[in-house]
Amino acid sequence: MKEKLMKEFEKIFGSTDGVRTYFAPGRVNMIGEHTDYNGGHVFPCALTIGTYLLAKKREDTKLRFYSMNFPDAGLMESSLEDLVWKKQAGWTNYPKGVMWAFREKGYQVDCGFDILLFGNIPNGSGLSSSASVELATGVMLRDMFGHQGLTMIDLSLIGQFAENNFNGVNCGIMDQFAIAMGKKDEAIFLDTSDLSYQYAPLKLQGARIVIACSNKKRGLGDSKYNERRAECEEALRELQTKLSINSLGELTEEEFEANKDLIADPVRRRRAKHAVYENQRTVEAVKALQQGDIAAFGQLMNASHVSLRDDYEVTGIELDTLAEEAWKCEGVIGSRMTGAGFGGCTVSIVETDKIDAFIDRVGTAYKEKIGYGADFYVVDIGDGARCLD
């Protein structure tokens, strides 16, 4: 792979002297959706698919970008004097946003780059291709400018800062954290209220993780993601008229039920219910995994999807079809949407010897109902963002 990327870099930019190669994975969240900006728990893992970034320092402040995923876009140019979000800049807004964030935080970025990107994460799939680009860029900038005092957690926070303030998406910390801190064969049980975390081996006992990409593209910034976040923030304010809490993630199900009438609007009440119940499901799911009860883990995954469908309303016909068809298949331990929703992917745990039949049955049913095909990926859990040199 590296040799192929170097050849492409040479073709686009000329010399490969001084080029360094970086990789940042995509991520999949096993359970704990839309809890990360509500002070709750999440349970993501990094994947072995992700974003490769090749970079070479320039002697001026020019930025030249090329993506092997979007060859028709050609060579895209900008500069360090022009680090502002522009619609026509497309995917380059993500690396530019991280450069901007480094400078905002007081870290030197004083020369331009030639940058080549190649990603094998399906674009717009909900597997965090944008956060993957952000962390690949962050690791590259730390390395190239000697900012060794920055930890991987620092880089994840800079990536989130860039996404929130440069790209205008009010995402939580989960995506960037999972991509920065990923560990082979382990998921991360993260408390987003204080960034305390522990690794938990994902022992699937004769099963694999299968991701089904709906091929319905979504754009987070112009989706209802920010609207859902605002609804939860308003519900929290209503609960705070009586309760001394800082986030919905602090509530148990019982505390929520006893106080839910403080939330005036029934829609906001459902949104808050999902945030509270999903957080508790995530805690229970990790306990089940630690006790070797993979069946209970799967049931909680299924319940998560139902809540995201009915209370949070972020699934849509594509993701519902993929999850509901998966539940009918023999050998499926659990299946749910993953990511922000409104398109993207489902994640399923499927017994290894049933995977081919699962892909055939769900794929056929999906195409019949939706009118176009889904793509399936049998994935492994990998390490976090890093330099490959």
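Predicted model: local features only at pLDDT ≥ 70, side-chain atom pairs only at ≥ 80, totals over all residues.

**Entry 1: the annotated site.** An unreviewed UniProt entry gives the annotation "binding site" to S130 and E163. I wondered why these two count as one spot: they span 34 residues in sequence, yet no two of their C-alpha atoms are more than 8.6 Å apart, so they gather in one place.

**Entry 2: S130.** I found S130 in helix α3, which covers residues 129–145. Is S130 buried or exposed? S130 is buried, because its relative accessible area of 18% falls under the 20% cut-off. Setting aside neighbours within four places in sequence, I saw S130 in contact with Y94 and E163.

**Entry 3: E163.** Next I turned to E163, which sits in helix α4, residues 152–165. E163 is buried too, with a relative accessible area of 3%. Which residues does E163 touch, not counting those up to four places away in sequence? I listed Y94, S130, A131, E134, G168, V169, C171 and Q176. Y94 is a contact of S130 and also of E163.

**Entry 4: a pair of helices.** I then looked at how helix α8 (residues 266–290) meets helix α9 (residues 294–310). Their axes come within 9 Å and cross at roughly 170°. That makes α8 roughly antiparallel to α9. On the α8 side I noted R270, H274, E278, R281, E284, A285, A288 and L289. They meet I294, A296, F297, L300, A303, S304, S307, L308 and D310 in α9. Sorted by class, this contact has nine nonpolar, three polar and five charged residues.

Entry 5: How much relative accessible area does E278 have? I read 0%, so E278 is buried. Beyond its neighbours within four places in sequence, E278 is in contact with I31, G32, E33, T35, S304 and R336. S304 is one of the α9 residues in the helix pair above.

Entry 6: Back in the record, the unreviewed UniProt entry marks residues 285–367 as "domain: GHMP kinase C-terminal". Over that stretch I found the chain to be 58% helix and 17% strand. The end C-alpha atoms of the stretch are 32 Å apart.

**Entry 7: helix α10.** I checked the length of α10, residues 316–327. At 1.5 Å a residue, its 12 residues should span 16 Å, and the end C-alpha atoms are 17 Å apart, which agrees. Its buried residues are E318, L319, D320, T321, L322, A323, E325 and A326. What do they pack against? My list reads β9 (207–213), α9, β10 (332–338), β11 (345–351) and α11 (355–370).

**Entry 8: helix α11.** I repeated the length check on α11. This helix has 16 residues and reaches 22 Å from its first C-alpha to its last, close to the 22 Å expected at 1.5 Å a residue. I noted I355, F358, V362, G363, A365, Y366 and I370 as its buried residues. What covers them includes β9, α10, β10, β11 and β12 (375–379). After α11 comes G371, whose phi is positive, near 100°.

Note on methods
Residues numbered from 1 in each chain as written. Heavy atoms only, no water. UniProt positions renumbered as here; feature names shortened; annotations may be inferred. Helix = DSSP H or I, 4+ residues; strand = E, 2+ residues; numbered from the N terminus. Buried < 20%, exposed > 50% of the residue type's maximum accessible area, 1.4 Å probe, protein only. Contact = heavy atoms within 4.5 Å. Axes fitted to C-alpha atoms, helices over the stretch in contact; angles between N-to-C directions. Parallel < 35°, antiparallel > 145°, perpendicular 65-115°, else oblique. Nonpolar A, V, L, I, M, F, W, Y, C, P; charged D, E, K, R; others polar. Expected span 1.5 Å × (residues − 1).
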